[in-house]
Amino acid sequence: MFDSSSEFIEKIDNAVRFHFMTSEGIPEESEVRQAYTQYFGAFKILPQFASTICDREAVVDDLVKRYCSELSITKRIGFSYKDDDLKPWLSEMETAIEDSGGWFYWKHYKTYLAQMKRWSLNTVRTIDRDTWNILDLMANPRLDEDFERRGLVVASVQSGKTANYLGLICRAADVGYKIIVVMAGVHNVLRNQTQARLEEGFAGINIVGQKIAPVGVGKMRGIERRPILCTSREADFKKERAQALRGLQTTQTNEPLLFVIKKNSSVLKQLYEWLCENAKSEDPILLIDDEADNASINGKYKRERRDDEPSRINGQIRNILSYFSKKCYVGYTATPYANILIDPIVDTEEFGKDLFPSSFIYTLEESSDYFGAEKIFSATGEKGKEHLRYIDDIGDYLPPKHKSDFEIVTLPNSLKKAIRTFLLALTIRTLRGDGSRHCTMMVNASPYRRTQRSVAFCIGDYVEELKRHVKVYGAFPSDEAVELSYELAAIKSTWCEEYQAVGYCWEEIQGALFDAVRAVRVVSINSDSSDGLNYESQTEHVIAVGGYRLSRGLTLEGLVVSYYSRNARAYDALMQMARWFGYRPNYEDLCRIWMSREAAGWYEFVAGATEDLFDELRNMRQLQRTPKNYGLKIKQSPDSLLVTARNKIGTGTTLAAPIDLNNGFVETIAFDRDPMSVKRNREVVKQLISAISHYKTDENFFYRYVPVEWVLGFIRNYQNEDARSPKSQSKPLIRYINERLRDGELQEWDVYVAAGEGPVIELSPDVTVRREIRYPGSATNQSCLVVGEKHRLASRGVESKGLSKEQIEEARRDFVTEHPTKKANASDRYYRRRREYPLLVIHPVLMKYSDSQRQSREEAGAIGPEAGSWPSWQHAEEAFGWSISFPYTSQHTRPVEYVFNQVAIEDLRADYEEESDDDFEDN
């Protein structure tokens with residue numbers, strides 16, 4: 001837009017953004033238009049812009065449209081669980097802060113976000129409030145008394161954690177924290193990226209050799225006042241750096257010292273020794289631990305023996321904290337499970353306390369423009385997911401389980417299509433005027449470097465072949481071009497399937513293809529490769545191939561296409577690998593993600609379980625809960641059972657997990673295929689339906705006030721598949737129900753028989769119902785049927801059965817209130833909160849593939865069903881399952897113990913691998 005006058009337009013835009021950032025409320029469109037019009041006139045009379053030629057109306061219209069679209073972005077303030085002993089202090093310090101220089105670093109960072117980063121007004125204001133709240137949970141560094149704080153900030157993957165802790169660092173510097181250490185992952189690629197961001201948003205300078213160049217906030221405020229940079233983009237805090245700074249004492253400067261380091265044992269050792277020599281023990285220190293669940297956890301700790309011989313990195317972090325008498329540790333993570341499992345009691349003379357966030361846990365909220373699990377996985381049906389594509393053809397090219405020396409020789413068709421989609425997305429972004437912005441494709445297909453390298457070589461060859469065809473045939477008339485070039489024909493076919501509705505005809509696409517894709521390069525991101533991503537100094541149009549280094553914390557700028565064919569059940573790592581989550585301004589509609597159906601199912605399961613869990617935590621925040629309450633809720637949630645269990649797996653033959661079923665939901669997700677077992681469960685279901693016939697209501701298949709004895713008998717007699725459906729084990733369920741009966745609860749039940757669109761089955765003389773259709777998941781084997789890839793049996797909304805219309809509307813209103821940007825399809829948790837009676841749902845199921853499922857798989861290259869021991873697409877098997885929705889009780893409840901047997905442990909361990917393509921000692 002108006003390239004010759006871009007500086008003039010940028011000045012107008014910055015002035016308006018600053019104007020509204022410092023005012024109250026959200027402006028109306030008329031106010032925005034008036035402001036842009038006034039500043040246009042004001043800047044136009046300045047000498048440097050007097051000769052600038054611009055169409056006032058066109059410029060103002062474009063700026064107003066862009067700014068007003070940002071005003072629709074909403075972001076809620078986060079919520080906290082804190083130790084009862086923490087007292088607010090920041091409001092009382094406001095005058096003292098202003099008298100000693102004010103919010104110098106914070107105010108410039110806030111302006112930087114609004115003007116240089118073009119962040120929305122609501123988002124900037126929320127970061128303002130969130131960072132204030134988190135700092136208030138920390139301690140006042142200006143007081144004489146000692147303090148120790150350990151906190152955790154939880155946020156979704158790629159949702160703005162770095163921006164938040166950067167703001168927190170700015171505020172901490174303003175109030176007097178003297179030493180600031182940021183541990184930024186375990187690899188240089190992430191440390192360097194974090195260093196660059198802290199230079200842009202906090203330090204304001206970049207040091208290259210002996211030269212100091214202003215960057216980011218430094219271009220706005222100047223570089224006269226700035227923190228002392230003890231690391232650079234090129235230099236971690238290694239021995240040479242420590243020696244170069246040996247003469248620097250904290251007493252020599254009023255500004256804070258900033259260290260951005262890897263979580264590496266030698267680096268941490270150097271930093272500890274340097275601090276002991278050059279810093280005073282009473283200097284206030286803030287230690288930020290990015291990706292706090294990775295490498296910082298003490299993996300050697302044995303809870304049953306309270307045996308605290310920490311792993312090296314964990315011990316060195318605790319050593320650094322122990323040296324100081326005024327210290328605050330704040331971890332940041334998207335997957336808090338491992339942090340919550342840290343023993344809060346550990347406190348040794350040698351290492352001090354472990355890193356359990358005993359002081360506070362603060363949860364950040366997503367903004368409405370966040371591209372996350374809701375947008376990717378929420379749509380229903382085979383064709384319903386706009387952004388998600390399935391990989392059904394990779395097995396013959398790159399088996400999911402392969403050795404470290406495996407090399408791919410040919411690309412699967414799904415990966416070729418993903419590459420063509422990326423080139424098209426880049427072309428469309430160019431046509432939209434965003435050709436100078438970063439645009440990235442991620443390929444995460446193997447944990448092994450040799451395999452990654454072979455994938456990158458094959459992709460490079462294919463990209464060059466596509467470029468050659470575009471160059472040679474792209475200038476021909478479109479009909480002739482696709483006749484002459486099979487690759488151009490393939491690109492057009494991909495455009496028809498993916499982007500035909502985005503606003504550009506094929507002739508426009510073909511005409512812009514070559515200029516858009518000519519600079520695309522392919523890089524391998526691992527320790528064997530010299531390739532790198534250089535987002536800071538050049539526009540990157542790049543296909544990045546890698547493994548672990550494409551996961552933890554790394555931001556892939558302009559990520560538009562992702563191809564992920566990795567392990568599906570390493571839960572914490574699963575969410576961390578989701579680099580496709582984030583913010584995608586002006587190109588969200590172009591984003592596409594390829595993954596296996598199994599991986600997609602597990603992503604949806606973990607994301608859904610986490611969302612429901614955080615809904616409950618948000619709902620509990622009014623009760624002044626502590627971090628220990630937060631941790632117990634996570635550890636004892638039925639939905640987090642499979643997530644947290646991995647962190648507890650040892651070498652034993654059984655594993656016990658305490659689970660709280662209060663306001664919980666349990667369902668069968670797997671069935672024994674043995675004909676005798678199927679027959680037994682069929683008879684158990686029929687016996688129940690016949691026995692409760694006189695409790696039937698006018699509503700089809702719904703029964704009310706059913707005595708608990710019938711439900712207990714059903715659970716006892718039902719033959720559960722304990723290994724692969726552990727949440728539906730009978731013993732802990734019966735134990736919980738009996739405990740509630742002692743308090744006079746759960747005596748009468750609602751029972752519902754779920755109906756579907758399958759064949760009819762007669763359950764009693766007066767109950768004939770159509771079966772629900774479920775397809776067999778890839779975990780199905782010769783002895784066991786597993787439901788789908790999401791491992792969910794019940795349909796959404798089933799827990800509303802038995803509620804009144806008023807209760808259903810109340811639940812939906814609550815959901816919309818807590819999720820204002822989401823569709824009004826309420827999570828069942830909101831219905832469950834209103835249940836007066838427990839609900840047992842019977843699920844007569846027919847396991848089979850639908851015609852549309854078969855067709856979509858065959859079109860993607862599948863030659864047969866992914867389910868194990870499944871003879872054909874037409875094969876079908878019956879099963880009988882159930883689900884239970886427990887109402888909330890205000891009575892004190894004790895968790896019941898679930899036990900994993902050896903088969904269950906092996907199933908949890910199956911396909912699990914440590915997600916690392918190299919060790920942490922990289923250079």
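Mentor: A search of the whole structure finds 29 aromatic pairs. Rings of Phe, Tyr and Trp (its six-membered ring) pair if their centres lie within 6.5 Å; planes under 30 degrees apart count as stacked, over 60 as edge-to-face and the rest as tilted. Take Phe-79 and Tyr-81. Their ring centres are 6.5 Å apart and their planes meet at 55 degrees, so this pair is tilted. Phe-79 is buried, because its relative accessible area is 5%. Tyr-81 is buried too, at 0% relative accessibility. Here buried means under 20% relative accessible area, exposed over 50%, and partly exposed in between (1.4 Å probe, protein chains only).

Before going on, a word on the source. This is a predicted model: local features need pLDDT of at least 70, side-chain atom pairs count only at pLDDT 80 or more, and totals for chains, interfaces and linings use all residues. Residues are numbered from 1 along each chain as its sequence is written, and side-chain values use heavy atoms, with hydrogens and water left out.

Now a second pair. Tyr-736 and Phe-886 are edge-to-face, with 5.1 Å from centre to centre and 75 degrees between the planes. Tyr-736 lies in helix 26 (residues 730-742), while Phe-886 is in the loop between strand 31 (876-885) and strand 32 (896-900), so the pair ties together parts that are 150 residues apart in sequence. Helices (H or I, at least four residues) and strands (E, at least two) are DSSP runs, numbered from the N terminus. Tyr-736 and Phe-886 are both buried.

Rings also gather in a cluster. One aromatic cluster is formed by Phe-8, Phe-40 and Phe-49.

Charges meet rings as well. The charged end of Arg-171 sits over the ring of Trp-106, 4.4 Å from the ring centre. Arg-704 lies over the face of Tyr-705, at 5.9 Å from the ring centre. The test is that NZ of Lys or CZ of Arg is within 6 Å of the ring centre and within 35 degrees of the ring normal.

Last, look at helix 29 (residues 851-859). Its buried residues are Gln-853, Ser-856 and Arg-857. Seen down the axis of helix 29, they fall within an arc of 100 degrees, so they line one face. That arc is taken from the directions from the helix axis to the C-beta atoms. On the other side of helix 29, Asp-851 and Glu-859 are exposed. Gly-861 follows helix 29, and its phi is positive, near 110 degrees.
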